[in-house]
Structures are given as structure tokens and as C-alpha cells.
Amino acid sequence: MVRHFDPNATASENSGVFGLPYTEAEAELVLIPVPWEATTSYGGGTSDGPRAIFEASKQVDLFDLEILKPYEAGIYMCDELNEIRDWNARAKTEAQKIIAAAGVTDDKPALIAALKTVNEYGEKLNHSVYVQTKKLLSAGKLVGVIGGDHSTPFGALQAISEKYKSFGILHFDAHSDTRQAYQGFTWSHASIMYNVLEKLNGVIKLVQVGIRDICEQEVEYTATLKNRVKVFYDQDLALRKLEGAHWDKITKDIISTLPHEVWVSFDIDGLDPRFCPHTGTPVPGGLDYHEALYLISAVVKSGRKIIGFDINEVAPNPRSSETGDEWDANVGARLLYKLCAWTLASQSKAKQR
């Protein structure tokens, strides 16, 4: 048991995430950082997201007006694995060759080899995250994944699907992420939900919120899955609000489509880009910060359980060292704390106000 910890004091230099003193063994909830962005083709920097969020987390006050003292359950963030950064660098180098050439053709053996390399490193990443998650679940821990790009949680979801034979995913995003091997990359950040739906039968429901940048193939694909996928497009949500619908009513409609056990997958570009402007693929529109938190809180208040989560696509300002602008990481850290708090509350490991 942790003693002599003052939650009102400034975080010490050697403290853990949010300035907490817990070890992995003492924590109820353990966070896995995944510094990976191999297949990103627009903006970059998400591989530095976990580190930036960790640093910004030490500025977050621990008392919460809704969950009060979620930190008392214990939250711990693992160290980044150096091999993942190494794999990311190698895979990204090969991926950029393919992206620059606008794809792979049969008459380009060098690009075929590059694609094979990228996909192999994606499989290595998935296995690493799977092993880490499986170990933590076996120890009775709750798990959160911090990306990196949105491909990062697949291994964790694979492990979760072995523990929970049926569960849903509440997916916040500007993008559907249901492209089939986008740009040829099997494990593309734009293909995470396609891979989940195709490979993880335990995911009985995917509920997507805030989608506003989508291709025709994705619309057609999700439609073929009928009741297994429900998409709440940002355009429709905005129209309902403009016509006078209360967010509480909209939230109830969203939650009614979810099963009892829910994994939350939060791509930061699901929010209005004013909150995290340096994310890789920002899109105008999106949810307000408080709207997203209200929805997450309402999931728990409905009696459903959050069985884990991922937060991804937070990219720090590339000039933050010069300007001191750490806004993206600041927002990411505060959203992370709320995800931790509501997850713990849903599991009766932290008390709601």
C-alpha cells in the first residue's frame, strides 16, 4: 500500500503518470504506451504522443468533481519498449517509399518487398501489445493503451476478446477506419476497425461517433454488417443539435445501441480540432470536449462496464520545445485521466460523486 503521498502537492520529478507513486503491482489500472506511427501519410508525430501525454499528466489535478479520487485505485504507466520505437522507424522508412509512389504495383519488386516489411513489423507490434495486455489481464489489471496512431490497440483488443467473449466498442473518431488494407498496409491506422470486425468475433457491436471523413467503400462495408455496426455521423449529430435536440437525448440514443461491456476507442480527432490541432488528420466539426465526456459518463451511469480503452493520435506541436505550446498533450492527458476515472468507476474501483 502506498503511504506518505500528498495528492495536493506538486508532482515529483521521478513520479509516475499524473505524478502518482504507484508501482505496476499496486495499480488497478495499467497504461501501455505504444510509440508507433508507421503508416501515417499526412501529419506525423503521434509516436511521440505517449511521452508527451506522460509529461503533461503531471500538471493534472487529481481531485475530480465527478469521480472524486480515482487515483486512489492506482494508475500506472509502463515504460515504452525500445524495440517498438526501433520497429516504428524501420517500418516508417519502408512505408514512406510506398506512400511516395502512390501504392504498390506488380512491376515494382522493391515496393513489394517494402510492403512485406511494413506488414511484418505491424504483426510484430500487434503481438507485442497482445503479450503485454494478456499478462496484465492475467494479473487482474484493467488496461488502457496510449498511442501512437490508431492501429496500436489491435493487440490489446485481441487479448480482451479472449477474456470477454462478447463486447462492444464505442469508437470516437473523425474517420471510420474501416478501409481494407489502406494503401496496401494490412495494419494501417485507417484499417483498425476493419481488422477488428474481420478478425475478432467477440466484438459484437461497433458504435462509431463523430465520423465525418469517410470513403464510399467504408459506407458500403459498414452497411453490409447491418446491426453489428452503428454509425452516428457528425453531420447528423450536428443537424440534430441545430434543430434543438438536447445532447442528453442524443447520448441516450447512442448508448442504447451498446452492449453491457464496452471498450472505448478514442481517436483524438473525434474532437473538434481546436482541442488537438496537431493530430495527424484533423477534420473540421467534431465533438466538444464536454460532449465526449458526457457520453462516456453516461455509459457508466447506464450500468454498463468499461472493460478497457485506448486513446490515440495525439501529436505534440513539433515546435513545442521552441514555443512552449503543449496544448495537444495537455488535452490528451486530461482526457486520459477522465477515461481512467470512468473506467475505474464502472468497475466499482472508484466512487462517483
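## The loop around Gly 148

Let's start with Gly 148, which sits in the loop between β3 and α4 (154-163). Helices here are DSSP runs of H or I with at least four residues, strands are runs of E with at least two, and both are numbered from the N terminus. Gly 148 is joined to Gly 147 by a cis peptide bond, with omega at about 25°.

Before going further, a word on what you're looking at: this is a predicted model, where local features need pLDDT of at least 70 and side-chain atom pairs count only at pLDDT 80 or more, while totals for chains, interfaces and linings use all residues. Residues are numbered from 1 along each chain as its sequence is written, and side-chain values use heavy atoms, with hydrogens and water left out.

His 189 is found in another loop, the one between β4 (167-172) and α5 (192-199). Its relative accessible area is 12%, so it is buried (under 20% is buried, over 50% exposed, and anything in between partly exposed, using a 1.4 Å probe and protein chains only). Beyond its neighbours within four places in sequence, His 189 has contacts (heavy atoms within 4.5 Å) with Thr 39, Thr 40, Ser 41, Asp 149, His 150, Ser 151, Asp 177 and Glu 313.

Setting aside neighbours within four places in sequence, Asn 126 is in contact with Ser 151, Phe 154, Gly 155 and Trp 187. Is Asn 126 buried or exposed? Its relative accessibility is 6%, so Asn 126 counts as buried.

## Helix α1 and the cores

Helix α1 (residues 49-57) is largely enclosed by the rest of the structure, because seven of its nine residues are buried. Those buried residues are Gly 49, Pro 50, Ala 52, Ile 53, Phe 54, Ala 56 and Ser 57. What do they pack against? They meet strands β1 (29-34), β2 (75-77) and β3 (142-147), along with helix α11 (327-346).

Nonpolar side chains tend to be buried together in soluble globular proteins. A nonpolar core is a set of buried Ala, Val, Leu, Ile, Met, Phe, Trp, Tyr and Cys residues joined through side-chain atoms within 4.5 Å. The largest one in this model has 104 residues, and Phe 18, Leu 31, Ile 75 and Leu 170 have the most contacts inside it. Helix α11 supplies the largest share of this core, with 12 residues. Phe 18 touches Ser 57, Lys 58, Val 60, Leu 62, Ile 75, Ala 333, Leu 336, Tyr 337 and Cys 340, leaving out residues up to four places away in sequence. There's also a second, separate core of eight residues, with Ile 99, Ala 114, Leu 115 and Val 118 among them.

## Two helices side by side

Helix α7 (residues 234-242) and helix α8 (residues 247-255) pack at an angle of about 145°, and their axes are 10 Å apart. (The axes are lines fitted to C-alpha atoms over the stretch in contact, and angles run from 0 to 180 degrees between N-to-C directions.) Leu 237, Arg 240 and Lys 241 make the contact from α7, and Trp 247, Lys 249, Ile 250 and Asp 253 make it from α8. Sorted by kind, these residues are three nonpolar, no polar and four charged.

With a relative accessibility of 34%, Lys 230 counts as partly exposed. Leaving out neighbours within four places in sequence, Lys 230 is in contact with Lys 205, Leu 206, Val 207, Gln 208 and Thr 257. Thr 133 is 97 residues away from Lys 230 along the chain, and their C-alpha atoms are separated by 27 Å.

## Cysteines

How many disulfides does a search of the whole structure find? It finds zero, where a disulfide would be a pair of cysteine sulfur atoms within 2.5 Å. Take Cys 276: the closest cysteine sulfur, in Cys 340, is 16 Å from its own sulfur, too far for a bond. Cys 276 is buried, at 2% relative accessibility. Cys 215 is buried too, with a relative accessible area of 17%.

## Positive phi on the outside

Ala 102 isn't a glycine, yet its phi is positive, near 60°. Ala 102 lies in the loop between α2 (82-100) and α3, and at 73% relative accessibility it counts as exposed.

Ser 348 also has a positive phi, about 60°, without being a glycine. You'll find Ser 348 in the segment after α11, where it is exposed, with a relative accessible area of 67%.

Key. Nonpolar A, V, L, I, M, F, W, Y, C, P; charged D, E, K, R; others polar.
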